[in-house]
Amino acid sequence: MKSAETKPEIDKHTLKQMIAPIGKRIRAASALGVASSSIWPLQAAVVASAIAGLLPGQSGGLGTFISVAIFSALGLLRAGLTYFAEGQTFKAGLQAVTSIRREIVEREMQTIDTTSAASTAALATEKLDMLVPYIIHYAPAHARVIVLPLILLAITFWFSWAAGIVLLITGPLIPVFMALVGMAAKEASQRQMEDIGTLNNVLIERLSALTDIKLLDASTAVIAEFSDGADRLREKTMRVLRIAFLSSTVLELFSAIGVAMMAVYVGFELLGMIEFGTYVEPLSPAAGIFLLLLAPDFYQPMRDFSAAWHDKASALAVAGELAKWRAETPQKLLGQGANVEPLSGAPHIKLQGLVVNTGSTEIRYSDIKIVQGESVALMGPSGVGKTTLLKLLAGLLSPDEGKITVSGQPLNDETADAWRARMGWMPQVPHFLNMNLAENISLGQSGDLNAATRAAAIDDVIAALPGGLQTHLGETGGGLSGGEARRITLARALFAMPDILLVDEPTADLDEGTAKQVMAGLALLINRGCTLIVATHDPVLAAMMDRTVLIGGAS
């Protein structure tokens with residue numbers, strides 16, 4: 001209950017933080033917007049004088065030509081101020097979004113938690129873009145709604161207290177109803193934002209499991225699940241739009257009533273049918289026309305503010321998502337991800353008193369020493385911490401207790417990049433870059449690509465691809481079987497010839513023939529002096545290693 005009560009304040013505080021760096025630019029643009037809108041009473045006075053001068057029995061006026069010239073000059077000034085003000089707020093919006101997007105990307109580059117990658121990507125792209133309309137519209141509209149109605153109300157009261165009362169009665173009703181509708185709009189926007197992130201997560205998960213879905217013949221159920229999620233998102237989006245239309249309808253209703261009442265009063269006053277509402281003299285035609293021209297503009301700032309209110313509701317929802325993202329404590333990579341010289345010294349590894357808390361369990365590791373050129377199999381039941389240990393050795397995770405020594409130095413932020421420069425990684429689920437197959441194997445380095453592909457026994461796989469080595473694969477290797485994708489990552493390791501290679505379940509779920517090809521490639525690396533550390537359940541693969549370390553047991 002407490003978190004529900006404090007969340008709106010958190011959202012507002014986060015939104016203020018988001019726009020704080022561009023606050024001066026927004027305030028300057030808002031002042032220009034007020035100045036631009038304040039020109040209209042001068043234009044209205046010119047128009048009223050010109051029209052009144054054309055009526056029978058009316059004298060004075062500036063004349064048609066002079067009136068048109070003055071009106072046009074004021075219009076150009078107003079357009080120039082508006083153009084400059086909107087340009088400043090647009091640049092401010094892009095600056096704010098770019099800054100926050102950079103913050104998200106920089107942190108995500110240093111983390112390995114991919115459970116919410118899709119929702120984070122949605123936040124960094126489509127959701128953050130919703131801040132731009134808020135920055136462009138809300139602050140200028142807020143400044144105008146505070147200043148302009150008071151100016152126009154004061155001018156109206158100067159000419160007629162009755163006309164002023166019309167505006168004074170109808171005007172405050174708009175903010176009251178707008179606030180009621182706005183609260184519902186904020187809640188609906190937040191629910192819509194949450195569903196966008198959830199649907200993105202579901203889509204990424206299903207795309208990464210397309211092969212399993214086909215094998216299990218679960219495509220119908222998956223499509224139905226995704227369709228239901230899309231329908232829920234559509235319903236929530238339409239709910240937001242319904243609230244927006246309701247708000248606009250309320251505004252237009254009261255605006256129309258106010259303008260109509262003003263027109264009725266001015267018309268009856270000019271016809272002499274009523275004789276109250278002014279101070280001394282009855283309204284002149286010029287004054288009556290002037291008041292009629294001012295009345296719609298009295299409500300215009302409220303219209304603009306109402307539209308901007310929905311932009312604010314979306315921005316608050318985005319701020320809530322950002323606050324939630326900032327409050328998370330993701331697993332941080334050691335190092336800076338920099339391209340540095342490899343760590344010097346023999347790649348000996350020493351683990352002492354390692355303890356890792358995964359949130360649900362605490363994993364304690366026995367002390368382990370691995371010397372240069374040694375091949376080690378990590379074995380144990382599923383979930384005991386084999387993959388976690390590989391991540392610790394790669395500096396992808398930091399232990400809660402204990403230390404890891406590599407090449408005689410502690411593995412920390414200062415040494416992690418140089419240590420990884422000597423290392424190769426073969427994950428259980430291969431990932432590919434947005435490059436062709438040749439570049440995915442070589443990673444931009446020079447070397448004998450053909451020798452690596454032959455050693456990994458993937459020449460037949462490459463020949464079957466439509467573009468051979470120039471084929472672009474999806475992130476998860478779309479079009480390749482699990483074994484083919486794993487052999488390509490083996491080719492990547494054979495090409496790079498790292499001093500240390502960490503391998504996670506290289507033969508899991510592979511047929512016997514493919515498993516033998518993978519093991520042959522790993523044997524080649526062992527023969528070349530590579531230090532090999534393999535997490536596996538495969539006793540045949542473990543028998544190839546120099547020794548086996550039982551995670552959770554004795555070595």
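**Close-up views of a predicted model**

**View 1. Asn436 sits in a loop.** Asn436 lies in the loop that joins strand E7 (423-426) to helix H13 (437-442). The model is predicted. Is Asn436 buried or exposed? Its relative accessibility is 9%, so Asn436 counts as buried; the cut-off for buried is under 20%. The side chain of Asn436 reaches a backbone atom, the nitrogen of Ala438, at 3.2 Å. Which residues does Asn436 touch beyond four places away in sequence? They are Leu469, Gln470, Thr471 and His472.

View 2. Asp538 is placed between strand E9 (531-535) and helix H18 (539-544). Its relative accessible area is 16%, and Asp538 is therefore buried. Asp538 is in contact with Met379 and Thr507, once its neighbours within four places in sequence are left aside. Thr507 is 31 residues from Asp538 along the chain. The C-alpha atoms of Asp538 and Thr507 are 7.2 Å apart.

View 3. Lys127 belongs to helix H5, which covers residues 117-127. How accessible is Lys127? Its relative accessibility is 0%, so Lys127 counts as buried. Which side chain does the side chain of Lys127 meet in a polar contact? The partner is the side chain of Glu321, at 3.0 Å.

**View 4. Helix H2 packs on helix H4.** H2 spans residues 23-37, and H4 spans residues 64-109. Their axes come within 8 Å. The crossing angle is roughly 160°. Angles over 145 degrees count as roughly antiparallel, and H2 and H4 are therefore roughly antiparallel to each other. Their crossing is left-handed. Which residues meet here? H2 brings Arg25, Ile26, Ala29, Leu32, Gly33, Ala35, Ser36 and Ser37. H4 brings Arg78, Leu81, Thr82, Phe84, Ala85, Gln88, Thr89, Lys91, Ala92 and Gln95. By class, the contact of H2 with H4 holds eight nonpolar, seven polar and three charged residues.

**View 5. Helix H2 also packs on helix H6.** H6 covers residues 131-159. The axes of H2 and H6 are 9 Å apart, at an angle of about 50°. H2 is therefore oblique to H6. What is the hand of the crossing? H2 passes H6 in a right-handed crossing. From H2, the contact takes in Ile26, Ser30, Gly33, Val34 and Ser37. From H6, it takes in Ile135, Ala139, Pro140, Ala143, Arg144, Val147 and Leu148. The residues of the contact of H2 with H6 fall into eight nonpolar, three polar and one charged.

**View 6. The whole chain gives the setting for the close-ups.** The protein has 555 residues, and 45% of them count as buried. Its secondary structure comes to 18 helices and ten strands. How much of the contact in the protein links residues 24 or more positions apart? Among contacts with a separation of 6 or more, such pairs account for 82%.

How values were computed:
Residues numbered from 1 in each chain as written. Predicted model: local features only at pLDDT ≥ 70, side-chain atom pairs only at ≥ 80, totals over all residues. Heavy atoms only, no water. Axes fitted to C-alpha atoms, helices over the stretch in contact; angles between N-to-C directions. Helix = DSSP H or I, 4+ residues; strand = E, 2+ residues; numbered from the N terminus. Parallel < 35°, antiparallel > 145°, perpendicular 65-115°, else oblique. Left-handed = near helix turned anticlockwise from the far one by under 90°. Contact = heavy atoms within 4.5 Å. Nonpolar A, V, L, I, M, F, W, Y, C, P; charged D, E, K, R; others polar. Buried < 20%, exposed > 50% of the residue type's maximum accessible area, 1.4 Å probe, protein only. Polar contact = N/O pair within 3.5 Å; in protein donor to acceptor, adjacent residues only side chain to side chain.
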